[in-house]
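Look at the model below and keep its numbering at hand. The paragraphs that follow go through it one part at a time.

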Amino acid sequence: MTTTLISGGTVVSATGRVEADVLVDGERIVAVLQPGSELMGTDVAASADRVIDATGKYVIPGGIDAHTHMQLPFGGTEASDTFESGTIAAAHGGTTSIIDFAVQTYGQRIEDGLAAWHEKAGGNCAIDYGFHQIVGDVNEASLEAMKRLPDEGITSFKMFMAYPGVFYSDDAQILKAMQVSRDTGLLTMMHAENGPAIDVLAAQLVDAGKTDPYYHGIARAWEMEEEATHRAIMLAKLTGAPLYVVHVSAKQAVEQLAWARDKGQNVYGETCPQYLYLSLEDQLGAKSDEWGAFEGAKWVCSTPLRSRAEGHQDSMWQALRTNDLQMVSTDHCPFCMKDQKELGLGDFRKIPNGIGSIEHRMDLMYQGVVTGEITLERWVELTSTTPARMFGLYGRKGVIQPGADADIVVYDPNGHTSIGLDKTHHMNMDYSAWEGYEIDGKVDTVMSRGRVVVENDTFTGAAGHGQYLKRGLSQYLI
Ligand code: DUC
Ligand code: ZN
Ligand code: ZN
């Protein structure tokens, strides 16, 4: 087995930082050597097969992006990143595990939807991967199949209060699924937007000639997110199901989560970089020679971007500090402008929803450290340690300690990252939603289960290196 010593760096965890060397043997971390340790300065370094000099750099557990959609069929097309391209892009950005959403479509058996996802991902991932299960058709058979998901290493499922006719579940279906969640410990993940009401508002806007991408965000008003979040919380309270609300963007939705948490309910939420940095006003102002006002389609996602004047972005940062929100995922769901987003020219409802960010999450969140929004430790907690705990991977992932997988990122705080299509972009997209962003910090070296997969901005891993992660039940519930 190959041994590697990552020497001279500052090891950062969710709870602190320490000057230490990290010794890796094969796929695992075997020692964290702090000053005073009897192994320090002995022949450990000399005998390691490889030494990675991390002097002046941070050594952190690899990022875990717990919300991705590789190859998701959606809006008459399919998300443009394959498991191969998406996980290579993730590795470049310091993410070493993803949890993608296996899909059960309407009329399909859960088992078949899951098998199709294994087929897509198996042998193609550059980093380790797990699945949540989207339950798109709640019926007696799927409720039974859900009970068997933990045997498959799937301990969370997602339902949609949005997208009638596609993924939508009504309250009766949600209630029944949440009863399974209560009985099994499966974590209920919720897309909390009132889809039927949104669809009426969207149709009225289009009928009035308001067809530009900007109106996507007008139709999906924050009231629709607040209402659905509250309803999900009440259904979870009634059933006793643990609840995790995905892609939270409205400050009023956060208030609902905080209210429920203050009452002791097992309720959690994530936000995404787009809801921290981007706004509805940015989208309204986006115009280009090529696309005109349709340029705004680049940022059509659901939940939508929110108004900066209304303070949603500030509220997301605050909630990340106060732990009213616990994690940052990307909801990585990329589409190209050509042939994909342009399906919605003349009708914003037909624009495939989604933004690609998997490559930039760690950098964008580190920028929050630079600007003083979050601490260095909170950066690690939000992007790695809590995702591991929330989704039953902690111990193996999300921490630098003996016995854990050697998923390690050496991050250079003195480096610089320019984001853009021709710069740090390996996602299969013909544009970047983050074009022009400048980051004070840089991914230096990325290790996945002991193998260096990125160094000197070059991918040195292999598609197929990534293994399927059988997850345990959430380790975060109260
Ligand atoms: N939101 C998106 O933006 N894309 C995919 C599905 C979703 O809920
Ligand atoms: Zn969603
Ligand atoms: Zn999603």
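His 247 sits in the loop between β13 (243-245) and α9 (251-262); helices (H or I, at least four residues) and strands (E, at least two) are DSSP runs, numbered from the N terminus. This is a predicted model, in which local features need pLDDT of at least 70 and side-chain atom pairs count only at pLDDT 80 or more, while totals for chains, interfaces and linings use all residues. Residues are numbered from 1 along each chain as its sequence is written, chains are lettered from A and ligands numbered from 1 in the order in which they are written, and side-chain values use heavy atoms, with hydrogens and water left out.

Although His 247 is not a glycine, its phi is positive, about 30°. Most residues other than glycine have a negative phi, and most peptide bonds are trans. Is His 247 buried or exposed? His 247 is buried, with a relative accessible area of 1%; buried means under 20% relative accessible area, exposed over 50%, and partly exposed in between (1.4 Å probe, protein chains only).

Gln 71 also has a positive phi, near 55°. Gln 71 belongs to the loop between β6 and β7 and is buried, with a relative accessible area of 14%. Within helix α12 (residues 312-322), the buried residues include His 312, Met 316, Trp 317 and Leu 320. In the loop between α11 (280-285) and α12 lies Thr 303. The peptide bond from Ser 302 to Thr 303 is cis, with omega near 5°.

From His 191, a polar side-chain atom lies 3.0 Å from an oxygen atom of ligand 1. On its own, ligand 1 has 240 Å² of accessible area, and the protein covers 99% of that (Shrake-Rupley method with a 1.4 Å probe; for residues, only the protein chains shown count as cover).

Which residues hold the zinc ion (ligand 3)? The protein donors are His 67 (NE2), His 69 (NE2) and Asp 331 (OD), at 2.0 to 2.2 Å from the zinc ion. Donors are N, O and S atoms within 2.8 Å of the metal (3.2 Å for Na, K and Ca); water is not among the atoms, so sites may look incomplete. His 69 lies in the loop between β6 (63-68) and β7 (73-74), and Asp 331 in the loop between β15 (327-328) and α13 (361-370), so the pair ties together parts that are 262 residues apart in sequence. Both His 69 and Asp 331 are buried. The zinc ion (ligand 2) is 3.7 Å from the zinc ion (ligand 3).

In soluble globular proteins, nonpolar side chains tend to be buried together. Here the largest nonpolar core has 128 residues, and Phe 131, Met 190 and Trp 379 are among those with the most contacts inside it. Such a core is a set of buried Ala, Val, Leu, Ile, Met, Phe, Trp, Tyr and Cys residues joined through side-chain atoms within 4.5 Å. Its largest share, six residues, comes from helix α14 (residues 376-390). Apart from this core lies another, of 17 residues, including Ile 6, Val 24 and Val 399.

Key: A polar contact is a pair of N or O atoms within 3.5 Å; within protein, one must be able to donate a hydrogen and the other to accept it, and residues adjacent in sequence count only if both atoms are side-chain atoms.
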